Structure formats: C-alpha cells, structure tokens
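Please take me through this model in the viewer, stop by stop. I would like to know what to select next and what is there.

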Amino acid sequence: MRKLHHVAAACAISAIMFSGATLAQATAAAAPKKEETGKDIAFNRTKGNCLACHGMPTVPDATSTGLYGPPLIAMSARYPDKAKLRSQIWDATVANPSSSMIPFGKHGVLTEAEIDKVTDFVYGL
Amino acid sequence: MKQQIIMRLLTGIAGLGIALGAATAHATPESDRQAFIKYYTSKYPNIKLEDYVYGALAFDEDSKAQYDAIMEFPPFESDIDAGRKMWETPFKNGKTYASCLPGGGQQIAGNYPMFDEAKGKVVTLNDAINDCRVANGEEAFKINDAKTLGKLTAYMRTLSDGMMMNIKVQGPKATAAYEDGKKTFFSRKGQLNFACSSCHVQNAGVRLRSELISPAVGHAVHWPVFRGGDNLVMLQNRYTGCFKQVRAVPPAEGSVTMNNLEYFHSSLSNGLPMKASVFRK
C-alpha cells in the first residue's frame with residue numbers, strides 16, 4: 001500500500017517536471033519577495049531546472065538529480081574562461097549540435113540577467 | 001531540400017544518426033526498426049528485446065517488481081469490465097462492434113494504425129471503431145476520449161493480447177505518411193528544443209530527474225495505460241503530454257500529424273506482442 005502511495009507521489013513529481021511548479025510558486029508567494037539567486041534559478045523547475053539533467057556533487061541539497069548531462073563540479077578549473085561557460089548555458093547546441101541540453105538563452109527560457117546569475121553560481125561549483 | 005532537412009535531423013542523433021542517415025536513401029521501415037534496435041541493444045547489451053514492452057521498467061528491477069505486484073490485482077479492473085459491457089452492448093440496429101470490425105475484433109489491434117488506400121490516409125484503431133459506429137447509425141465518439149473510446153479499447157484491445165505488432169507500409173502514399181511521422185519524431189520542437197528522439201533515443205535508459213526514460217521500441221504495444229493505477233491514458237494522450245513537457249503546442253489528437261506519428265512510432269514495435277492494459281507510474 002505504501003508502495004502505491006510512493007508511486008503516486010512519483011507520478012505527481014514527473015507531472016511538474018518542466019511545467020506548473022505551483023508548489024514553488026506558492027511558497028515564493030508566501031515569503032516576502034526576495035531577489036532570486038543563481039542557485040534559486042538553477043534549482044527552479046520552471047527556470048533552469050539544471051538538476052533534471054545534472055548532479056551537483058558539492059551541493060548537499062541537490063537531490064534526485066538526473067543523468068542526461070555530466071555532474072557539474074570543479075567548473076572554474078574546467079572553464080578557466082567564464083564566457084565559455086556562459087555560452088554553454090546560453091546555447092549548448094553550438095558546441096554539440098545534437099546536445100539534448102536546453103538552449104536557455106537562444107530560446108529565451110532564461111533572461112540574460114538570469115543566465116549571468118546561473119553562470120556565477122555554476123562557476124563556483 | 002526536404003530530404004536534406006531529414007538527413008540533418010537524423011544525423012543529429014549520434015550513433016542512430018549514422019545508422020539511419022546512411023540508410024535514408026533506401027530506408028525502409030524494416031531497416032529503420034533494425035537501426036533502432038541495434039542502437040539500443042549495443043548500448044544496453046544486458047536488456048532483452050522482449051523486455052522493451054515494459055518501457056522504462058525494463059531498466060529498473062525494483063519498479064518492475066512493483067509493476068508485477070500491481071498487475072496481479074490490477075486496480076483498473078472495473079474500467080475494463082465497463083469496456084466489456086460497451087463492447088457487448090448491441091447498437092440500436094442490433095449489430096455489434098464484433099460484426100463490423102475485421103476478424104470480429106479479435107487479434108487485430110497489432111494491424112493498426114494502417115494506411116487506408118481508399119481514404120488516402122492513416123487510420124488508427126480508434127478511427128476504425130468510430131467508422132464502425134457511424135456505419136451502424138451511431139454517433140462517433142470524441143477521438144481519444146478516455147471515458148468512451150478509452151474504456152472500450154481498454155477491453156477491446158485485450159482481445160488482441162499476444163498478437164505481434166504488424167504495421168505494414170506499402171506503396172508511395174503509405175510511405176509518405178510513414179516518413180511524415182518519422183520527421184515529427186526526429187524534429188526538435190518547443191521552447192525546450194527537444195525531439196521525441198532526444199529523450200527516447202539519445203537518453204533511453206537514462207534518468208531525467210528521478211524519471212527513467214523508456215526506449216521508443218516497445219512503446220506502442222500496451223495501450224491504454226493506467227497511470228497511478230486509475231488514470232486512463234491512451235497513446236495519443238501520452239504524445240500530447242510529452243509535447244507539452246517540452247513547451248511545444250501539441251498537434252490535435254486524431255490529426256494527420258498525430259496519426260502519422262503513431263504509424264511510424266508503432267512500426268518500431270513490429271514483432272513485439274500486444275498487451276492491454278497495463279499499469280504505469
């Protein structure tokens with residue numbers, strides 16, 4: 001019985017994978033408006049939703065992450081040029097035309113300012 | 001020009017791109033199917049082809065065990081009984097579904113969708129059922145409506161359990177419909193820029209968040225599904241869900257685009273056994 005409950009919960013989670021996220025919005029509405037951090041944007045399922053595809057081994061609350069993309073770790077060492085990191089996030093299909101990573105800038109999923117913040121956050125991982 | 005676009009789409013998918021891209025000049029549904037199978041089985045040599053009918057469950061023993069347990073006493077039995085009643089209730093003229101569908105409606109689901117030369121288009125099993133109703137003076141059901149066609153096919157499709165999927169693509173018009181479905185499958189769409197293949201080919205067997213992604217081979221044989229045990233979902237309802245997930249506007253269910261997609265997508269499961277209806281998360 002517990003198992004079935006578990007299954008139903010999993011189903012609900014997948015239903016809000018990329019859309020809705022009423023939960024996130026509801027909590028945001030309850031708290032006084034605070035400026036979103038790069039981490040907030042990266043974690044938000046309706047914005048970056050980076051965790052759908054990437055683990056972040058150095059971030060303890062990055063849980064149930066997907067495996068489409070490589071874990072984001074030691075980024076400043078691997079991307080000495082921060083602009084290159086930003087362009088990977090802006091449009092991953094430049095480096096790899098068959099990339100399944102969402103072209104966050106090119107398709108307007110995130111604003112330029114949001115991409116700046118996410119880049120800063122990811123650069124620190 | 002068009003050929004070039006398709007070539008580019010196909011070659012975009014590493015591995016499968018090479019196999020299908022090379023085959024495009026003389027691609028047949030059979031060579032496409034073989035290319036898909038080769039792609040998956042060389043990536044996952046330990047998963048048996050016959051287990052692809054379980055979708056993502058084939059990649060996860062725990063979820064498969066859960067599925068097996070639920071399928072012993074399916075929570076959706078009452079819907080299937082309701083479907084049986086619908087199936088057995090005669091039309092006002094005294095005729096039945098069995099009297100107007102080929103083979104009395106037994107062992108036929110694996111032939112659909114089929115290309116109807118007279119109509120010049122793809123006909124799904126749901127279309128055939130509606131044609132049967134109209135021919136007998138009844139109103140057509142709303143296409144892919146869970147309460148009517150959903151329940152009816154949840155029972156009716158069990159009459160084809162064990163039949164092998166057997167989609168035929170013969171002649172230039174059928175081939176064009178098949179190619180159109182293939183194009184939809186491989187085209188990136190929506191704000192998130194995914195093609196069906198981005199998830200169900202490139203990332204089959206991989207986790208998106210906590211969700212394991214199923215391969216496209218084996219997708220079409222087990223409909224409707226009951227998600228969470230009681231939410232009836234037909235194949236094209238699922239397509240709609242996947243289109244929405246990537247923030248794309250889904251084509252209307254029952255439209256030529258959707259039917260051609262179902263035609264292509266179903267032929268990938270040729271040779272796998274039909275099974276209605278099943279549990280899904």
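Select R133(B) and E138(B): their side chains meet in a salt bridge, N to O 4.0 Å (a side-chain nitrogen of Lys or Arg within 4 Å of a carboxyl oxygen of Asp or Glu). Both R133(B) and E138(B) are buried (under 20% relative accessible area, with exposed meaning over 50% and partly exposed in between, for a 1.4 Å probe and protein chains only).

This is a predicted model, in which local features need pLDDT of at least 70 and side-chain atom pairs count only at pLDDT 80 or more, while totals for chains, interfaces and linings use all residues. Residues are numbered from 1 along each chain as its sequence is written, chains are lettered from A and ligands numbered from 1 in the order in which they are written, and side-chain values use heavy atoms, without hydrogens and water.

K92(B) lies in the loop between α5 (77–88) and α6 (97–100) of chain B and E138(B) in the loop between α7 (125–135) and α8 (146–156), so the pair ties together parts that are 46 residues apart in sequence. Helices are DSSP runs of H or I with at least four residues, strands are runs of E with at least two, and both are numbered from the N terminus. K92(B) is exposed at 75% relative accessible area, whereas E138(B) is buried at 15%.

Next, chain A. Select K106(A) and D91(A), a salt bridge with its closest N and O atoms 3.9 Å apart. Both residues lie in the loop between α5 (82–90) and α6 (112–123) of chain A, so the bridge ties together parts 15 residues apart in sequence. D91(A) counts as buried, at 6% relative accessibility. Over all chains the count comes to 16 salt bridges.

Over residues 1–29 of chain A the pLDDT is below 50. Where pLDDT is low, the predicted coordinates should not be read in detail.

Last, which residues are closest to the centre of the largest cavity? Select N126(B), N144(B), R157(B), L235(B) and E262(B), out of 17 lining residues (those with an atom within 4 Å of a cavity point, on a 1 Å grid over the protein atoms alone where a 1.4 Å probe fits but cannot get out). The largest share of this lining, 3 residues, comes from α7(B).

Notes:
pLDDT is the predictor's confidence in each residue, from 0 to 100. Contact means heavy atoms within 4.5 Å. On a 1 Å grid over the protein atoms alone, a cavity is a set of points where a 1.4 Å probe fits but cannot get out, and a pocket is an open set with protein on both sides within 12 Å along at least five of seven lines; lining residues have an atom within 4 Å of a point.
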